[in-house]
Amino acid sequence: MKNKRLVLIYGLSGSGVGTAIKAFEDLGFFCIDNLPLEFVLANLSLLEKRCFHYMGLGIGLHIREKKELECFAKDGVREKLKEKFSLD
C-alpha cells in the first residue's frame with residue numbers, strides 16, 4: 001500500500017486543522033481528526049487497511065504541547081510511516 005498518500009495536518013487548536021481535514025475528505029482521503037500520534041503508530045496496519053479504497057490517509061493532530069510535535073522527530077516515527085505510506 002506504499003502508493004497511498006499520508007497527510008499529517010497539525011497545528012494548535014483553532015488553527016484550521018479541522019477545516020483542512022474536511023478539504024482532504026472532499027479530495028477522497030480517509031481522514032481522522034484529533035488523533036494522538038501515538039495512536040497512529042500503534043494502529044498503522046489497521047489504518048492502512050481502512051484507507052484501501054481511498055486516495056490516502058489524512059490525520060489531524062492538534063498540538064497542545066511542544067513535546068507532542070517533538071515526538072514526530074524522535075524514535076524513527078517518520079521512517080515507520082514511510083514503510084506504509086508515501087510521504088512528501
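Modeller: What follows is a close look at the sheet and its surroundings.

This is a predicted model, so local features need pLDDT of at least 70 and side-chain atom pairs count only at pLDDT 80 or more, while totals for chains, interfaces and linings use all residues. Residues are numbered from 1 along each chain as its sequence is written, and side-chain values use heavy atoms, with hydrogens and water left out.

Start with the layout. The protein has five helices and three strands. From the N terminus on, they run β-α-β-α-α-β-α-α. Helices (H or I, at least four residues) and strands (E, at least two) are DSSP runs, numbered from the N terminus.

Now the sheet. Its three strands lie in the order β1-β3-β2, and the sheet is open. The pairing is parallel. Two strands pair if DSSP finds at least two bridges between them. β1 (5-11) and β2 (30-33) are the edge strands, each pairing on one side only. On average, neighbouring strands are turned by 15 degrees against each other, direction ignored. Such angles are taken between axes, which are lines fitted to C-alpha atoms (for helices over the stretch in contact); they run from 0 to 180 degrees between N-to-C directions. β2 pairs with β3 (residues 56-62) over four bridges. There, F30 stands opposite L57 in β3.

Stay with F30. Is F30 buried or partly exposed? F30 counts as buried, because its relative accessibility is 15%. Buried means under 20% relative accessible area, exposed over 50%, and partly exposed in between (1.4 Å probe, protein chains only).

The structure holds two aromatic pairs. Rings of Phe, Tyr and Trp (its six-membered ring) pair if their centres lie within 6.5 Å; planes under 30 degrees apart count as stacked, over 60 as edge-to-face and the rest as tilted. F24 and F29 form an edge-to-face pair, at 5.2 Å centre to centre and 85 degrees between the planes. F29 is buried at 11% relative accessibility, while F24 is partly exposed at 23%. F30 pairs with Y54: the centres are 5.4 Å apart and the planes stand at 50 degrees, so this pair is tilted. The pair links distant parts of the chain, for F30 sits in β2 and Y54 in the loop between α3 (44-50) and β3, 24 residues apart. Y54 counts as partly exposed, because its relative accessibility is 30%.

Next, the core. A nonpolar core is a set of buried Ala, Val, Leu, Ile, Met, Phe, Trp, Tyr and Cys residues joined through side-chain atoms within 4.5 Å. The largest one has 16 residues. L57 is among those with the most contacts inside it, including also L6, V40, I59, L81 and F85. α2 (37-42), α3, β3 and α5 each supply at least two residues of this core. The largest share, three residues, comes from β3. In soluble globular proteins, nonpolar side chains tend to be buried together.

L6 shows the links. Leaving aside neighbours within four places in sequence, L6 is in contact with L57, I59, L81, F85, S86 and L87. Contact means heavy atoms within 4.5 Å.

Last, the whole chain. Of the 88 residues, 34% count as buried. Among contacts between residues at least 6 apart in sequence, 77% join residues at least 24 apart.
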